[in-house]
Amino acid sequence: MTDALDRLEETIRARRMADPESSYVAKLTARGRAKIAQKLGEEAVETVIAAMADDRAEVVKEGADLVFHLAVLLADMGLSLDDIRAELERREGLSGLAEKAARSGS
């Protein structure tokens, strides 16, 4: 059984090499990783703006856009949400402060 995120990744993988005239994923992929990353950043900012406005419905919508663009970026890099899941599992049970200190070497 797959969930919506698994289906999203399957759709993204299937559409990456489609005709850019008929697929947003293909069009974004064709524009390159820098454009994909830019779109991810834009969605992150829009999510923050919605959060600062305390607009729960808009945070959900922008959050969905954010996850979508993250999945496109991951696919472009040969990664998947499973890689994110594995990292979250690795961090499970660690103090957030301890984990951050381990990453920064401080």
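User: Hi! Leaving aside neighbours within four places in sequence, which residues is glutamate 62 in contact with?
Analyst: Hello! Setting those neighbours aside, glutamate 62 is in contact with Glu43, Glu46 and Thr47. Do keep in mind that this is a predicted model.

User: Thanks. Where does glutamate 62 lie?
Analyst: Glutamate 62 is part of helix H4, which covers residues 56-76.

User: And is glutamate 62 buried or exposed?
Analyst: Glutamate 62 is buried, and it has no salt bridge. Lysine 61 is the nearest side chain of opposite charge, and it is 8.3 Å away.

User: You mentioned Glu43 and Thr47. Which residues of H3 are buried?
Analyst: Both of those are on the list: the buried residues of H3 are Lys35, Ile36, Lys39, Leu40, Glu43, Thr47 and Ala50. Looking down the axis of H3, these buried residues fall within an arc of 145°, so they line one face of the helix.

User: Why would residues three or four places apart point the same way?
Analyst: An α-helix has 3.6 residues a turn, so residues with that spacing point the same way.

User: Nice. What covers that buried side of H3, and which exposed residues are on the face turned away?
Analyst: The cover over the buried residues of H3 includes H2 and H4. The face turned away carries Ala34, Ile49 and Met52, which are exposed.

User: How far does H3 reach?
Analyst: From first C-alpha to last, its 20 residues reach 29 Å, close to the 28 Å expected at 1.5 Å a residue. After H3 comes aspartate 54, with a positive phi near 55°.

User: Let's switch to H2. Which residues are buried there?
Analyst: In H2, residues 24-31, the buried ones are Val25, Ala26, Leu28 and Thr29. Down the axis of H2 they fall within an arc of 165°, so they line one face of the helix. On the other side, Ala30 and Arg31 are exposed.

User: What do the buried ones pack against?
Analyst: They pack against helices H1, H3 and H4.

User: What caps the N-terminal end of H2?
Analyst: Serine 23 does, with a side-chain oxygen 3.3 Å from the backbone nitrogen of valine 25. Just after H2, glycine 32 takes a positive phi of about 100°.

User: Last one: where is isoleucine 84, and how far is it from glutamate 62?
Analyst: Isoleucine 84 is in helix H5, residues 81-91. Between isoleucine 84 and glutamate 62 there are 20 Å in space, C-alpha to C-alpha, and they are 22 residues apart in sequence. Isoleucine 84 counts as partly exposed because its relative accessibility is 34%, and partly exposed lies between under 20% for buried and over 50% for exposed.

Terms used. Residues numbered from 1 in each chain as written. Predicted model: local features only at pLDDT ≥ 70, side-chain atom pairs only at ≥ 80, totals over all residues. Heavy atoms only, no water. Buried < 20%, exposed > 50% of the residue type's maximum accessible area, 1.4 Å probe, protein only. Helix = DSSP H or I, 4+ residues; strand = E, 2+ residues; numbered from the N terminus. Arc of directions from axis to C-beta. Contact = heavy atoms within 4.5 Å. Polar contact = N/O pair within 3.5 Å; in protein donor to acceptor, adjacent residues only side chain to side chain. Expected span 1.5 Å × (residues − 1). Lys, Arg positive; Asp, Glu negative; His and termini not counted. Salt bridge = Lys/Arg side-chain N within 4 Å of Asp/Glu carboxyl O.
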